[in-house]
Amino acid sequence: MTASVISAESIPGTGRAAQGAIELRQVSKHYGDVVAVDHLDLTVQPGEFVTLLGPSGSGKTTTMMMVAGFEEHSAGTVLIDGAPVDSLPPRDRNLGVVFQNYALFPHMSALENVEFALRMRKVPRAERRQRASDALDRVGLGKMGDRKPRQLSGGQQQRVALARALVFNPAALLLDEPMAALDKRLREQMQEEIKTLQKSLGITVLFVTHDQDEAMAMSDRIVVMKDGKIVQSGPPEEVYNHPTTDWVASFLGDTNLIPCTVVERNGEEAVVDLGGLGLARVRDRGASGENYAVSIRPEHLKFRTRASAGNGCAATLVSSTNLGATVRHRLTAGGHELQLRELSSDRSDRSARGDGGAGILPDEELWVGWDADKAQLLVLES
Ligand code: ADP
Ligand code: MG
């Protein structure tokens, strides 16, 4: 099967744009009084892997259904490759979809399930067979084409669904929690396989998950949703390290939230008063509100010697818990409770060297610090 039509590059010499751009302009969806999606603006570039990440009920599935054409929107426009598709049925949108509840046909073999997508598009029989068989090869199921879904594991069934979504060379793939039913190990394996497939095909992917680790692992860009709206969007590291609200910070993982007052703001940086923890220089993304805090991820707090420069303060250790690969320390500092996480191997190294805090005993006085670029000023919503 040729993958040239789904190249992420523009087609040389033709001036034609690359395929797979998805755009939502002010798209809303109401179910009676429920506003499932609220004036959503979203652009996905050709070849980009974008993840909608949000808690249950935040409007992720509704958004996907409107892009796919299974659900009509109440307002706004959906464009694919620059053309409005609002009046096109799903099959004419050139999108491959794998939805959690979009099951395989139980009475058809894996091969027939994949072929079905081509039958719907009136591809001649012989070509159908060949392309379906190639698609199964591509997801590692070349030898299992004859099996019925019930003769396949959950992971294999999802691969068949993926082959079915890819077989007609769609401009983009829509994947809504495709791994939700799989166990952790299989999920991680599928995550890597989908990522590899996406890169080799250069295909656009709009992905949905409520799992922040999965979003971090797979995405070029994460779009964080809450109550039908986008609350923040950016590359994974940026959203993780530089959340603009306490809600985003907490949704993406554990964090230390230290309430503060803003002393000075100058572009990318701010000086804040952390109360008992003194003045600190932190990153600023310009979010504004009534109340502010600084977010520092537990892994970005470090044991320091008092002499070391930069942000830091005296702290007292409350407890240490070995979590296997990491150790979680609970501390108090300047009247705040803080969490510090370090690699277990770092802890052993430090003990061996006899550095400051080597003993790490409860009630021991320590010095903890952090790098200014790892501390983020954000708005306290709650
Ligand atoms: P997510 O996929 O993020 O969990 P959904 O898009 O499924 O969220 O749902 C968003 C909101 O819309 C929820 O409040 C949900 O209850 C509501 N909703 C979704 N589908 C329907 C429907 N068919 N009828 C009524 N309400 C719906
Ligand atoms: Mg959903």
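Trainee: Is the crossing in which α2 passes α4 left-handed or right-handed?

Mentor: α2 passes α4 in a right-handed crossing (the near helix is turned clockwise from the far one by less than a right angle; anticlockwise is left-handed). Helices are DSSP runs of H or I with at least four residues, strands are runs of E with at least two, and both are numbered from the N terminus. This is a predicted model: local features need pLDDT of at least 70, side-chain atom pairs count only at pLDDT 80 or more, and totals for chains, interfaces and linings use all residues. Residues are numbered from 1 along each chain as its sequence is written, chains are lettered from A and ligands numbered from 1 in the order in which they are written, and side-chain values use heavy atoms, leaving out hydrogens and water.

Trainee: At what angle do α2 and α4 pack?

Mentor: Two packed helices are described by the angle and the distance between their axes. Here α2 (residues 110–119) and α4 (residues 154–166) pack at about 30°, with axes 8 Å apart. They are therefore roughly parallel (under 35 degrees).

Trainee: Which residues make the contact?

Mentor: From α2 come A110, N113, V114 and A117, and from α4 come V160, A163 and R164 (heavy atoms within 4.5 Å).

Trainee: In what order do the strands of the open sheet lie?

Mentor: Six strands run β6-β7-β8-β3-β9-β10, with mixed pairing (strands pair if DSSP finds at least two bridges between them). At the edges, β6 (95–99) and β10 (229–234) each pair on one side only. β6 runs parallel to β7 (residues 172–176), joined by five bridges; V97 has L174 of β7 as its bridge partner.

Technical notes:
Axes fitted to C-alpha atoms, helices over the stretch in contact; angles between N-to-C directions. Parallel < 35°, antiparallel > 145°, perpendicular 65-115°, else oblique.
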